[in-house]
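Colleague: I have a few minutes before the meeting. Can you put the model up and take some questions?

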Amino acid sequence: MSSTKYLLLVEDDPDIAKLLADNLREEGYRLDSVADGDAALAAIAGNRYDLLLLDVMLPGVDGLEICRRVRAGPVYTPIIIVSSKSSDIQRVVGLEMGADDYIAKPFALAEVVARVRALLRRVAALSQPAAEPADAVLIAGGLRIDAQSRAVALDGQPVALTAREFDLLHFFARHPGRMFTRLELLNQVWGYNHDGYEHTVNSHINRLRAKIEADPAKPARILTVWGVGYKFAGADDPGA
């Protein structure tokens with residue numbers, strides 16, 4: 001992994017912070033380490049990080065609030081939450097706040113390093129131009145989806161999407177008429193298996209519908225297939 005990758009570690013336990021920092025630096029990463037939420041926000045405001053490793057329980061602003069604020073900003077930064085709160089509910093909350101991955105304590109150091117490496121690799125792959133020229137610009141149902149600029153317009157008007165919303169919409173538009181389960185969407189769009197956290201797909205689709213559907217309660221583009229999952233309206237679907 002390139003030594004230019006710049007990480008922020010936010011962990012208030014000094015022993016855990018030292019172990020993680022030492023191992024990540026040995027992997028060649030440049031790394032800042034802070035021990036509370038306010039220091040984390042200040043560091044994020046003053047630097048452009050390639051990835052954030054966040055504990056949840058922190059002095060000051062907690063990790064979930066940091067995650068929420070980062071996702072509300074204009075720049076997409078990969079986020080891994082590392083927390084002793086390991087319940088399914090906490091994992092779902094973390095993912096719905098916009099985290100890309102969630103690692104429960106106690107953990108193996110090798111696993112954290114591997115997750116960091118894998119997430120950075122996925123982000124790098126997503127930043128590459130679309131491999132298939134036909135996918136560079138998709139036109140569907142009044143939407144214009146530009147994969148290279150990651151821009152979306154609806155009936156000629158720009159639509160502001162988060163990075164994950166864009167990935168989800170682009171994936172749907174590439175496969176019109178095909179049904180996907182929530183778990184399949186997690187695997188394909190999030191890039192790995194979050195088995196048991198399919199509810200986060202519902203949340204993203206609801207937010208996406210609010211931005212691209214004339215009536216989100218009666219969607220014409222992203223359709224619910226009851227008992228299965230979702231699909232993007234194909235040519236044979238009503239209103240397509």
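This is a predicted model: local features need pLDDT of at least 70, side-chain atom pairs count only at pLDDT 80 or more; totals for chains, interfaces and linings use all residues.

Colleague: Start with the cores. Which residues touch the most other members in the largest nonpolar core?

Modeller: Phe172 and Leu185, out of the 25 residues in that core. Strand 6 (137-140), strand 7, strand 8, helix 6, helix 7 (182-190), helix 8 and strand 12 (229-232) each supply at least two residues.

Colleague: Which element gives the largest share of this core?

Modeller: Helix 6, with six residues.

Colleague: And what is leucine 185 in contact with, leaving aside neighbours within four places in sequence?

Modeller: Its contacts are Leu168, Phe171, Phe172, Phe180, Trp190, Val201, Ile205 and Tyr230. There is also a second, separate core of 20 residues, and Val10, Leu52, Ile81 and Ala99 are among them.

Colleague: Back to helix 6. At what angle do the axes of helix 6 and helix 8 cross?

Modeller: Roughly 80°, and the axes come within 10 Å. The range 65 to 115 degrees counts as roughly perpendicular, so helix 6 (residues 163-174) and helix 8 (residues 199-212) are roughly perpendicular to each other.

Colleague: Which residues meet there?

Modeller: From helix 6, Arg164, Glu165, Leu168, Leu169 and Phe172; from helix 8, His204, Ile205, Arg207, Leu208, Lys211 and Ile212. By class, that contact has six nonpolar, one polar and four charged residues.

Colleague: In which sense does strand 5 pair with strand 4, parallel or antiparallel?

Modeller: Parallel, over four bridges, with strand 4 covering residues 79-83.

Colleague: What about arginine 150, what is its phi?

Modeller: Positive, about 55°, although arginine 150 is not a glycine. It lies in the loop between strand 7 (143-146) and strand 8 (151-154). Its relative accessibility is 34%, so arginine 150 counts as partly exposed.

Colleague: And aspartate 155, buried or exposed?

Modeller: Exposed, because its relative accessibility is 62% and the cut-off is over 50%. Aspartate 155 also has a positive phi, near 50°, and is in the loop between strand 8 and strand 9 (157-159).

Methods
Residues are numbered from 1 along each chain as its sequence is written. Side-chain values use heavy atoms; hydrogens and water are left out. Axes are lines fitted to C-alpha atoms, for helices over the stretch in contact, and angles run from 0 to 180 degrees between N-to-C directions. Angles under 35 degrees count as roughly parallel, over 145 as roughly antiparallel, 65 to 115 as roughly perpendicular and the rest as oblique. Contact means heavy atoms within 4.5 Å. Ala, Val, Leu, Ile, Met, Phe, Trp, Tyr, Cys and Pro count as nonpolar, Asp, Glu, Lys and Arg as charged, and the others, Gly among them, as polar. Buried means under 20% relative accessible area, exposed over 50%, partly exposed in between (1.4 Å probe, protein chains only). Two strands pair if DSSP finds at least two bridges between them. A nonpolar core is a set of buried Ala, Val, Leu, Ile, Met, Phe, Trp, Tyr and Cys residues joined through side-chain atoms within 4.5 Å.
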